[in-house]
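Trainee: Please take me through this structure, one question at a time, and state the terms before using them.

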Number of protein chains: 2
Amino acid sequence: MTPQRPGFSGYRLDRADHLRADDDALTMMRRDKHARLLVLDGYTPSLTDDGALVWGSLANASVDAAFILLGISNERPHFVAFEQPVAGAPLFRSPQIMQTLARLSREDMAIYGAARSLIDWHGRHGFCSQCGQATRVHRAGWGRKCVVCNAEHFPRVDPVVIMLAEHDGRALVGRAPKWPAGRYSALAGFLEPGETIEEAVARELFEEAGVVTTTVRYVTSQPWPFPAQLMLACIAEVKSPALTLAPTEIEDAFWVTKQEALAALAGDAGARFLAPPHYAVAHSLLTQWAAS
Amino acid sequence: MTPQRPGFSGYRLDRADHLRADDDALTMMRRDKHARLLVLDGYTPSLTDDGALVWGSLANASVDAAFILLGISNERPHFVAFEQPVAGAPLFRSPQIMQTLARLSREDMAIYGAARSLIDWHGRHGFCSQCGQATRVHRAGWGRKCVVCNAEHFPRVDPVVIMLAEHDGRALVGRAPKWPAGRYSALAGFLEPGETIEEAVARELFEEAGVVTTTVRYVTSQPWPFPAQLMLACIAEVKSPALTLAPTEIEDAFWVTKQEALAALAGDAGARFLAPPHYAVAHSLLTQWAAS
């Protein structure tokens with residue numbers, strides 16, 4: 001089974017980790033007249049007519065901006081500016097931003113996603129969690145450092161398991177109360193300290209749907225920038241199809257056949273449910289399951 | 001290929017997520033005379049003569065301790081106490097603690113690991129990263145909340161990729177400068193915002209060893225409590241065996257046959273290298289690769 005590559009994957013810049021702590025190299029890159037700056041209005045990207053990210057020069061940033069080195073491509077350094085916390089910015093995704101992102105190529109989504117995760121993290125880590133004093137940007141934006149106790153802090157990536165329970169050739173899809181009408185998708189939840197992927201899948205399926213997992217198969221992964229998840233997509237065989245839903249989390253759930261999943265993925269008018277959007281890893285997961 | 005279950009996996013308590021925000025239930029559990037408290041001296045567990053974790057009663061904790069609900073087993077709530085930052089405690093593993101842990105069952109290692117990750121996280125998050133004010137224990141110890149701005153903070157789990165490059169039936173093992181003499185293991189590194197597992201594997205192998213990945217196969221995962229990693233173990237086919245090592249990270253590396261790996265895993269005196277310890281996911285990974 002060759003995984004379909006999910007949205008927000010395919011980052012095509014060289015992250016150049018070895019240059020992040022090299023102050024001379026960073027200074028030269030910031031002065032490079034070919035350096036590019038991702039154009040953002042708050043968290044909203046600008047798009048060209050054919051749906052590509054718009055890049056400007058570093059002179060576009062405000063004087064007190066900090067530059068985060070996204071990476072290098074064709075010898076040109078690519079940055080995003082962190083301009084202190086974006087007032088009133090949505091922490092999570094909005095319908096508007098998702099409509100914009102749906103026009104981007106997968107690779108431009110990946111760059112936007114990494115940039116968004118980083119500026120969001122900087123905006124929520126202006127103070128040291130160890131001593132309460134101010135932190136400053138560190139390692140070309142891939143960290144912050146306390147100005148008093150020198151503690152280093154690194155951007156979070158929060159692992160989330162997302163899975164299709166499978167029984168007798170059918171897969172379980174469910175919906176959360178707040179989702180658009182008709183939308184059903186894979187169940188999901190945050191992995192906790194002390195868990196493997198396989199244990200988190202089993203726990204979440206039992207908590208949310210009351211089903212008991214026998215085996216777990218990893219399928220693919222995706223960075224999800226709202227704000228910074230690592231989605232770990234799996235298929236889990238379960239013992240019995242009887243469901244006990246956790247009503248605060250899962251409003252409804254049912255078992256679908258591969259044909260029903262394919263109809264939903266194709267956007268058929270008569271489909272039993274509305275599939276997750278193409279850039280969500282749940283779409284890749286459902287596609288691979290239905291094709292298997 | 002049935003994954004060998006790695007150390008620190010197999011948590012056998014019911015995490016009872018639905019009770020964490022239920023103050024009445026928590027009060028009752030803390031008053032329950034059958035409640036158990038994990039006995040720790042700083043970060044060091046006490047062991048029975050036959051190598052099991054020692055549990056005491058909640059009365060053993062200091063008066064200002066906060067109780068973290070590890071979970072429930074046989075109707076008995078199990079807690080660990082957070083007694084404010086452990087002064088001078090090692091943030092990372094020490095030879096002493098690893099010798100102690102090596103005596104534990106895998107399941108007791110899992111409980112210890114989760115407890116250690118949580119108390120370490122509490123100790124380093126006494127202040128709100130958003131506003132710099134004090135935070136307090138929240139959700140039965142599975143979070144902290146700012147007393148001023150009410151921001152919620154959740155324990156970190158940091159994804160790390162750990163992988164064997166594979167070429168022409170051989171696997172790549174390497175060693176970091178600080179490791180015990182003769183020890184070689186899989187290469188590893190932190191996954192970053194905007195990356196899939198597969199992309200992080202390819203990036204780390206190129207950065208550390210100069211090899212170019214063609215395909216990545218996920219094998220297994222492990223929680224690693226020093227301080228709170230999720231180890232994502234993979235095998236990566238690479239194009240060519242020529243190595244360019246990053247000297248600050250990889251002191252030496254070489255390609256091993258399955259026979260050489262099996263000899264090292266068996267602890268043979270004549271083995272080409274010293275294998276990673278049995279509780280490390282690299283041991284499971286090497287074992288599965290050699291058996292495949």
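Mentor: A residue is called buried if 20 or more other C-beta atoms lie within 10 Å of its own, exposed if 12 or fewer do, and partly exposed in between, with the C-beta atoms placed from the backbone. Helices (H or I, at least four residues) and strands (E, at least two) are DSSP runs numbered from the N terminus. The model is a predicted one, in which local features need pLDDT of at least 70 and side-chain atom pairs count only at pLDDT 80 or more, whereas totals for chains, interfaces and linings use all residues. Residues are numbered from 1 along each chain as its sequence is written, and chains are lettered from A and ligands numbered from 1 in the order in which they are written.

Trainee: How many of the residues of strand β14 of chain A are buried?

Mentor: This strand covers residues 229-238 of chain A and is mostly covered. Of its ten residues, the number that are buried is nine.

Trainee: Which residue of β14(A) is the bridge partner of A:Arg217?

Mentor: Two strands count as paired if DSSP finds at least two bridges between them, and β13(A) and β14(A) are joined over ten bridges in the antiparallel sense. Together they form a hairpin with four residues between the strands. Within β14(A), the partner of A:Arg217 is A:Ile235.

Trainee: Do β10(A) and β14(A) run parallel or antiparallel?

Mentor: The two strands are joined by nine bridges, and in one of the pairs A:Met163 stands opposite A:Cys234 of β14(A). The direction in which β10(A) and β14(A) run is parallel.

Trainee: Why does A:Ile162 count as buried?

Mentor: A:Ile162 has its place in strand β10 of chain A. Taking residues as in contact if their C-beta atoms, placed from the backbone, lie within 7 Å, and leaving aside neighbours within four places in sequence, A:Ile162 touches A:Ala186, A:Ala188, A:Met231, A:Leu232, A:Ala233, A:Val281, A:Ala282 and A:Leu285. A:Ile162 counts as buried because the number of C-beta neighbours inside 10 Å is 26.

Trainee: In the hairpin of β10(A) and β11(A), which residue takes a positive phi?

Mentor: β10(A) and β11(A) pair in the antiparallel sense over two bridges, and A:His167 stands opposite A:Arg170 in β11(A). The hairpin has two residues between the strands, and the positive phi, near 55°, belongs to A:Asp168.

Trainee: Which element supplies the largest share of the side of domain 1 of chain A that touches domain 2 of chain A?

Mentor: Chain A is divided into domain 1 (17-121) and domain 2 (158-291), with bounds that come from an automatic or database domain assignment, and the centres of the two, taken over C-alpha atoms, are separated by 31 Å. The contact takes eleven residues from domain 1 of chain A and seven residues from domain 2 of chain A. On the domain 1 side, the largest share, six residues, comes from α3(A).

Trainee: Which strands are the edge strands of the open sheet in chain B?

Mentor: The open sheet of four strands in chain B has the order β4-β1-β6-β5, with mixed pairing. Strand β1 (residues 36-38) of chain B is joined to β4(B) by two bridges and the two run antiparallel, with B:Trp55 as the bridge partner of B:Leu38. The strands that pair on one side only are β4 (55-56) and β5 (66-73) of chain B.

Trainee: How many residues of chain B are in contact with chain A?

Mentor: Because 100% of the interface residues of chain A are also interface residues in chain B, the copies meet through the same surface. The 41 residues of chain A that take part have as their counterpart in chain B a set whose number is 41.

Note on methods:
Two residues are in contact if their C-beta atoms, placed from the backbone, lie within 7 Å.
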